[in-house]
Amino acid sequence: MSFIVVQAITGLASAASLFLIAVGLSIVFGVTRVVNFAHGSLYMLGAYLAFSFVAAFGESFLGYLAAILLAAIVVGGVGAVMETSLLRRIYRAPELFQLLATFGVVLVVQDLTRLIWGADDLFAPRMPGLDGAIQFLGHAVPQYDLFLIAVAFVVLGALWLLFRHTRFGVLVRAATEDREMVAALGIDQRWLFTGAFILGAALAGLGGALQIPRQAASLSMDLNIIVDAFVVVVVGGMGSIMGAFVAAVLISELLAFGVVIFPEITLVLIFMVMAVTLVLKPSGLFGRPEFTMAEDRRNPDPPLRAGDGLSRIFWWFLLVAGVAAPLVIGDFAVVVLTEIAILALFAASLHFLLWGGGLITFGHAAYFGLGAYGSGLAVFHLSLGMAPALLLAPLAGAAGALLFGWFCVRLSGIYMAMLTLAFAQMAWSAAFQWVGFTGGDNGILGVWPSAWASDPVVFYYLAFVVCAAVIWGLRHTVFSPFGYTLRATRDSALRAAAIGVDVTRHRWLAFTLAGAAAGVAGGFFAFAKGSVFPDVLFVSTSVDGLVMVLLGGLQSLAGPILGAIVFTEIETELTRLTDLWQLFLGLLIIVLVVVLPHGLVGLSALVRRRSS
Amino acid sequence: MLRMRIRTHITATVAALLTLFSASFAGAQQDPIRIGEINSYTGPLASFTVPYRNGWQLAVEEINAKGGVLGRSLEVISRDDGAKPADAVKFAEELVRREKVDLIAGTFLSNIGLAVADFAARNKVLFVASEPLSDAIVWEKGNDYTFRLRPSTYMQAAMLAEEAAKLPAKRWATVAPNYEYGQSAVRAFQDVLKGLRPDVEFVGEQWPALFKLDAGATVQALALAKPDAIFNVTFSIDLAKFVREGQLRGLFQDRHVVSLLTGEPEYLDPLKDEAPEGWIVTGYPWQGIEGTAHKAFLDAYRKRFNDYPRAGSIVGYNTILTIAAMLEKAGSTDTDAMVAAMKDLQLDTPFGPITYRSLDHQSTMGAYVGRTAKVDGKGVMVDFRYANGADYLPDDATVRKLRPAK
């Protein structure tokens, strides 16, 4: 019994940290609709800053406390810079585009942190005055845990007062409910957005700073926390402060008792909670159903025409270049080109969902990875050759998409995106931890092409032909009756349903189709690399896909192809040249986002406008 | 300041010219021997790989200053894989196809080591796997072209199990990150310890997700099992959390703790004055190792980098020593000759002589086993001894069973 009470207190302390990071994310999303991937970076920055401040003046309890608060304030300032110099410029860009910008910030902050503080983990001293444990029911309970719990309640109370009893808070709530109405009433939205972003950033910084008496500041903090924070926000309901609190407590307590009962599956547990919540309550525990990212499309994209002169030239050029390239370039360039062909298909399949169906997914790596694992496991367990193993890849991708899609297509907007992420992370956890079947982290080796295709040039042509054919198929589908119906469900699900379209079924089918196409790409990826590892299923693979699509441009079928080419080339060359490649890649993404808010394809639109 | 910088520039230029000059004499104007090197130099792993890079840079400089190998200088072409196996394979392709390197070396993460090893076998390129720990690299998935330097998970777990068997403890609990490394380490430790002490039992196990240790809850759950002793495999940020929570909650009071790799400066130093005392660990006590070979390495390293070496530094250094010794023995950069030379290759390192076993391509480089203590507010290893890797490998028949014959 006493164990249960003490373990519950431990869980509450973890919940306190989780709440602080999640609530800031929730506020920022509620007001600005920005999915801020850099929220974890702000959290990491808070921890590093607090470490330095503590080293300077943290010898007493008050000094330590001041160090933590100062770190939070500085991170709030960083948030102000980020909002006014970057995000403010791109609120009008297509939705999700801010995501790309914040991803650029993640890369930049990661490298800058390494430059400033070095790569070693930094372990701060304990907080003076709270550096011991009290005896409680025969167990030791760290004093700092109790302090953290108290801080969480103080922050919760302060936020409640802020949102109920100040003009700023009321406006933030109003903006969360209806942005346009707030604007119509003559409120300067810009400062409201900036204010909300500063608040969110400072809370992230506070969350990070409060962690340093518990854990070392390290460069893996940013990505480690961001997915968990998203889970908490989504389970609680986007934009809901109370929701973030309840969800943080729920998840932390489950984890605290989970390690006692089934210590092996703690990684999956958190995603199972999210999946179950979203299936039962599609907008989170405290969220409102109408509150989605794709609010309504009052300005739907112009109807797509089947290629005018410029885009036709682009496609023919690609085809000719793809066929002719191996004749003129070196061996290694062929290897890179193979990767580009494969990733172009991956990006195209993601684009098919994002743009063709308006279905936002953060977990597209699942189907790419399932394709790779489908092929890899077929080689490893069944000793199949390359051709039959490659045939299994789309089946594996489609099967996964069929299963996960059934749940996902019932949701919309950000909730759907998060459920796709949850399924992808569950698949990743299974691959990572189920060593007996998948080989775990050590992966599956020896997935090499058959003898006839072992020459890089031959394998390139094989990959190029198949990937080009599938991309062509996807393009064809967009212009088929199915494609048009799908776009009708995207532009107005309500009207589409009113004329008798089964919206859910169309989306489910689109999901499965995109899953199969991503599976093909995954299968080829496995044979190109000779091995399959869990990281093909990881969130970073999904993010890479999103970056390619958004970099190229969302509103054109050429976008994902262009994005895959540019992203792969830049990454390959930059990593060869410099250790600071993340910094340069991040800066490049940020500049591109600001200069070309419609992606690289936006360039051609500019050219077209000039010439006409 | 500026003048100093100019002066260093001039010195560097003169030194470079001199090297060029002497190399062109000694090397009879031959091209350098090109070594492709891949590791995870950016991101969270940089704190482990940068000391390793210093280590191999030092060795390359020392060898080239003496005129290189086979009359040719060594040139290392290094790439960052960003901790992604797929990118590591891409750069292996690049190094072999575009840069035309003579052999590949490096890697830190086990999965990247395995991916590159598989690539090496397929493309018939020699691969000296310097840092990855996984047993599979030389056993289940071993191949003709891959040789591994660092003592493996099994070897280090066996060293600790031998010490653990001497303890009175009967009830053991384990805590390890839930992935291949953690699982193999626990399995190896349990197997060897049970072989030595049939009376021990394992009463609890914790499998936190890597880098996501829920420290308070895990410590409580371990205490609930009431073990006499704990075997720990967590490392890096997980270790720091585990140590602080465990000390706060009194988990380590009156309990023995045996901990893998914790004596390596990479893992011990970040704990500063909270470094645990009395844990039995494997590691690298650079401050106290006797012997002239290590002394020379230590002095040269500190002089060159103004920093003390980490475990990775010695691995990086030994990697290049291995390659140089192998080239001398092979007499050429022909891959078959180099692979043949790697088998039963013997060389002297700062840790003493090591051999690359022809049986499974594992080197006999060992590790230091000792207890942790605090000196001047910092964690160090005391009462340590060098455990020769050769003594902690299974017998040959078992190894043959583990390693597929082609």
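## Basis of the description

Because the model is predicted, local features are described only at pLDDT of at least 70 and side-chain atom pairs count only at pLDDT 80 or more, whereas totals for chains, interfaces and linings use all residues. Residues are numbered from 1 along each chain as its sequence is written, and chains are lettered from A and ligands numbered from 1 in the order in which they are written.

## Domains of the two chains

Domain bounds here come from an automatic or database domain assignment. In chain A, domain 1 covers 2-219 and domain 2 covers 309-611, and the C-alpha centres of these two domains of chain A lie 34 Å apart. Contact between them involves 19 residues of domain 1 of chain A and 20 residues of domain 2 of chain A, where two residues are in contact if their C-beta atoms, placed from the backbone, lie within 7 Å. The side of domain 1 of chain A that touches domain 2 of chain A has 15 nonpolar, two polar and two charged residues; in this classification Ala, Val, Leu, Ile, Met, Phe, Trp, Tyr, Cys and Pro count as nonpolar, Asp, Glu, Lys and Arg as charged, and the others, Gly among them, as polar.

In chain B, each domain is assigned in two segments, 2-152 + 289-366 for domain 1 and 154-287 + 367-397 for domain 2. Their C-alpha centres are 29 Å apart, and 23 residues of domain 1 of chain B are in contact with 21 residues of domain 2 of chain B. On the domain 1 side of this contact, the elements that give two or more residues are H2 and helix H11 (311-330) of chain B, with H11(B) giving the largest share, three residues. That side divides into 12 nonpolar, nine polar and two charged residues.

## Contact between the chains

Between the chains, 57 residues of chain B are in contact with 55 residues of chain A. The elements of chain B that each supply at least two residues to the side touching chain A include helix H2 (46-65), strand E2 (74-80), helix H6 (180-196) and H8. By class, this side of chain B has 24 nonpolar, 15 polar and 18 charged residues.

## Paired strands in chain B

Helices (H or I, at least four residues) and strands (E, at least two) are DSSP runs, numbered from the N terminus, and two strands pair if DSSP finds at least two bridges between them. Strand E6 (residues 171-175) of chain B pairs in the parallel sense with strand E8 (residues 229-232) of chain B over four bridges, and B:Val175 stands opposite B:Asn232 in E8(B). E8(B) is also joined by four bridges to strand E9 (residues 256-263) of chain B, again in parallel, with B:Val257 in E9(B) as the bridge partner of B:Ile230. Together with helix H8 (residues 236-248) of chain B, E8(B) and E9(B) make a right-handed β-α-β unit, right-handed meaning that, with the strands pointing away from the viewer, the path from the first strand over the helix to the second runs clockwise.

E9(B) is in turn joined to E10(B) by three bridges, and these strands run parallel; here B:Val258 has B:Ile280 as its bridge partner. E10(B) and E13(B) pair in the antiparallel sense over four bridges, with B:Val281 opposite B:Gly370 in E13(B). From strand E10 (residues 280-283) of chain B, B:Ile280 and B:Thr282 point one way and B:Val281 and B:Gly283 the other way, and all are buried. A residue is buried if 20 or more other C-beta atoms, placed from the backbone, lie within 10 Å of its own, exposed if 12 or fewer, and partly exposed in between.

## Buried sites

Helix H16 (residues 413-433) of chain A has 21 residues and reaches 30 Å from its first C-alpha to its last, close to the 30 Å expected at 1.5 Å a residue, the expected span being 1.5 Å times one less than the number of residues. Since 20 of the 21 residues of H16(A) are buried, this helix is largely enclosed by the rest of the structure.

B:Ala105, in strand E3 (residues 103-106) of chain B, is buried because 27 other C-beta atoms lie within 10 Å. Its contacts, not counting residues up to four places away in sequence, include B:Ile35, B:Val128 and B:Thr319. B:Ser363, in the loop between strand E12 (352-355) and strand E13 (367-375) of chain B, also counts as buried, with 27 C-beta neighbours inside 10 Å.
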